[in-house]
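Happy to walk through this one with you.

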Amino acid sequence: MHSLAEKIQQEFPNGFVKAVEWRGDIAVIVKREFLHDIAKYVHDDPDMDCDYMVHVSSVDWPDDEERFEVVYEVYSIRKRHRIRLKTRVPESDCIVDSLTDLWKGADFMEREVYDMMGIRFRHHPDLRRILMPDDYTEGYPLRKDFPVQGKGWRDTFEFLSEAQ
Amino acid sequence: MKDTTIKQVLDDQRTTIYKVDPEHPESESLPTLRTEELLLNMGPQHPSTHGVLKVVLELEGERLVKSTPVMGFLHRGVEKLAEDGTYHQFIPHTDRLDYVCAMYNNFAYCRAVEKLMNITVPDRAEYLRTIVAEVQRIIGHQFWLGTQALDIGAMTVFFYTFRDREILLDWFDELCGARLTTSWYRIGGVERDLTQALIQKLRQFLAYFPPKIDEYVVFLEKNRIWVARTKGVAVISAEDALSFGLSGPTLRGSGVDYDLRKYEPYSAYPKCEFSVPVGKNGDTYDRYWIRVQEMYESVKIIQQCLDQMQEGPVMADVPSVTLPPKERVFTNLESMIQQFKLFSQGFDAPPGEIYCGTEAHKGELGFYIVSTGGGKPYRLKIRAPSFIHMGAFDYMSRGYMIADAVTIFGTYDIVMGECDR
């Protein structure tokens with residue numbers, strides 16, 4: 001295991017689930033309740049020192065019990081290392097703590113995750129849709145059960161099926 | 001009322017609105033003119049928003065109190081489309097992200113897939129990629145400089161930069177048959193080699209171009225309006241810029257030398273000598289200065305690549321992933337089958353996830369790809385610098401004049417195709 005992942009494990013034995021290193025990327029899977037604490041540690045600790053938020057993303061795994069995965073990728077400009085923090089949330093209660101208090105840039109990135117995947121962020125200052133219209137009621141487009149051709153009035157379009 | 005009193009009232013009013021001076025709290029109780037907050041919709045159709053972007057500006061007089069970007073007018077669901085096609089099929093989609101700099105998007109995407117597939121690109125292909133990417137960087141900065149100057153009111157520069165940009169776009173046209181939507185990069189290499197004629201033309205351009213940059217600079221830096229409108233406008237500290245996730249010249253203007261070409265060297269960049277210009281004040285002027293300096297650096301990088309480049313293949317030879325050479329497809333049955341299978345079924349990617357960031361001229365353009373095996377990405381997330389820069393717009397524009405809003409859009413170098421995806 002990578003030394004950074006080990007440090008997180010030592011610091012948060014209860015919140016740490018697993019660490020994966022693949023193609024040089026370090027991904028640490030953590031429990032949702034500990035996400036904010038671990039992120040704070042990764043942001044503040046002088047050995048971690050991750051002051052730069054790279055991206056916030058989300059993945060939908062419809063067959064899993066905890067359906068959604070929230071992915072935060074952070075980078076340290078001074079130490080030049082990259083850590084990916086991942087956490088799982090179930091569909092019935094898809095809410096995680098917002099990290100906007102640590103990285104200001106997380107504001108728009110979390111709004112995009114909310115818009116596209118429907119995951120809510122606790123204590124987010126302005127959680128609204130960002131790319132889709134405010135009055136969009138047809139769901140969350142990047143969920144796997146959302147059809148590629150769209151929903152709602154788009155259903156009335158005539159699409160050629162593959163058989164034709 | 002005497003003139004002086006009116007002036008005093010106006011001055012005091014300004015302090016109450018924008019910064020209550022703690023030493024003169026009584027200024028709040030002075031007789032004030034009637035004030036009212038004004039809500040102004042800027043866009044979606046506005047020539048200086050560089051696409052379809054709306055910003056709701058809350059104004060006190062002519063000062064910006066709060067601005068709320070309303071985005072998504074150009075949202076095409078590119079990330080969703082990516083899940084429905086093979087890895088090769090997504091390359092043309094990346095052209096339409098940042099449509100003024102398609103080559104760099106291709107580059108960033110191909111690099112991400114190569115990291116996923118663990119492919120090493122041959123040397124000559126790496127040099128070609130670097131050369132074309134730097135040509136694209138010059139085009140991007142020329143486009144930015146021209147439009148930014150136009151937005152601020154200096155119209156002449158626009159004609160000069162676009163005249164030189166045209167030479168490079170014609171060069172692209174000859175290289176791959178398209179000026180803007182190029183799709184020239186391939187997973188594992190590039191589509192075709194540079195011909196001698198193209199190399200000749202590029203060398204001519206490299207000799208011709210640096211004096212032209214000096215010309216642009218003379219136009220702007222001797223222009224008092226340009227200097228007044230850029231110096232000290234939209235200042236952001238290094239700490240805030242990092243916290244907002246800014247990247248590229250927007251971050252380097254604040255004094256952070258974060259450049260992936262140096263931090264995580266890729267392609268032929270480690271073999272070239274170049275410097276990363278870094279600003280001091282974090283204002284619009286520093287960001288402009290950085291982009292101008294980067295054009296000089298790009299010229300240097302291209303020159304070195306052209307000198308160092310050796311003969312060799314331009315595509316990695318991994319038949320299960322990379323495309324066969326075009327001439328073999330037309331003459332050889334196996335190659336034809338290989339080409340057909342790669343485009344209809346795609347290649348089998350190993351399960352896993354990667355993030356790969358590339359220093360495009362706007363900032364860090366990254367692709368986060370989750371694969372569960374098979375020919376299609378399970379999830380593809382684009383880290384678009386324009387989108388993330390817009391997150392800092394409200395913070396950076398507060399307290400400036402309404403006319404500066406235009407300058408601040410410009411200083412990020414936003415393109416809505418990439419911002420809305």
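Q: What makes domain 1 of chain B and domain 2 of chain B count as being in contact?
A: In this predicted model, 19 residues of domain 1 of chain B meet 18 residues of domain 2 of chain B. Residues are in contact if their C-beta atoms lie within 7 Å, so these residues count as touching.

Q: Which strands of chain B supply at least two residues each to the side of domain 1 that touches domain 2?
A: Those are strand E2 (54–60) and strand E3 (63–70) of chain B. The largest share, 7 residues, comes from E3(B).

Q: How many residues on that side of domain 1 of chain B are nonpolar, polar and charged?
A: There are 10 nonpolar, 6 polar and 3 charged residues.

Q: Where are the bounds of the two domains of chain B, and what separates their centres?
A: Domain 1 covers 3–70 and domain 2 covers 78–420. Taken over C-alpha atoms, the centres of these domains of chain B are 37 Å apart.

Q: How do you know that chain B touches chain A?
A: By the 7 Å cut-off on C-beta atoms, 31 residues of chain B are in contact with 26 residues of chain A. Several elements of chain B each supply at least two residues to this side, among them helix H2 (78–82), strand E7 (364–371) and helix H15 (385–390). The largest share, 4 residues, comes from E6(B).

Q: What is the make-up of the side of chain B that touches chain A?
A: Its residues divide into 13 nonpolar, 10 polar and 8 charged.

How values were computed
Residues are numbered from 1 along each chain as its sequence is written. Chains are lettered from A and ligands numbered from 1 in the order in which they are written. This is a predicted model: local features need pLDDT of at least 70, side-chain atom pairs count only at pLDDT 80 or more; totals for chains, interfaces and linings use all residues. Two residues are in contact if their C-beta atoms, placed from the backbone, lie within 7 Å. Ala, Val, Leu, Ile, Met, Phe, Trp, Tyr, Cys and Pro count as nonpolar, Asp, Glu, Lys and Arg as charged, and the others, Gly among them, as polar. Domain bounds come from an automatic or database domain assignment.
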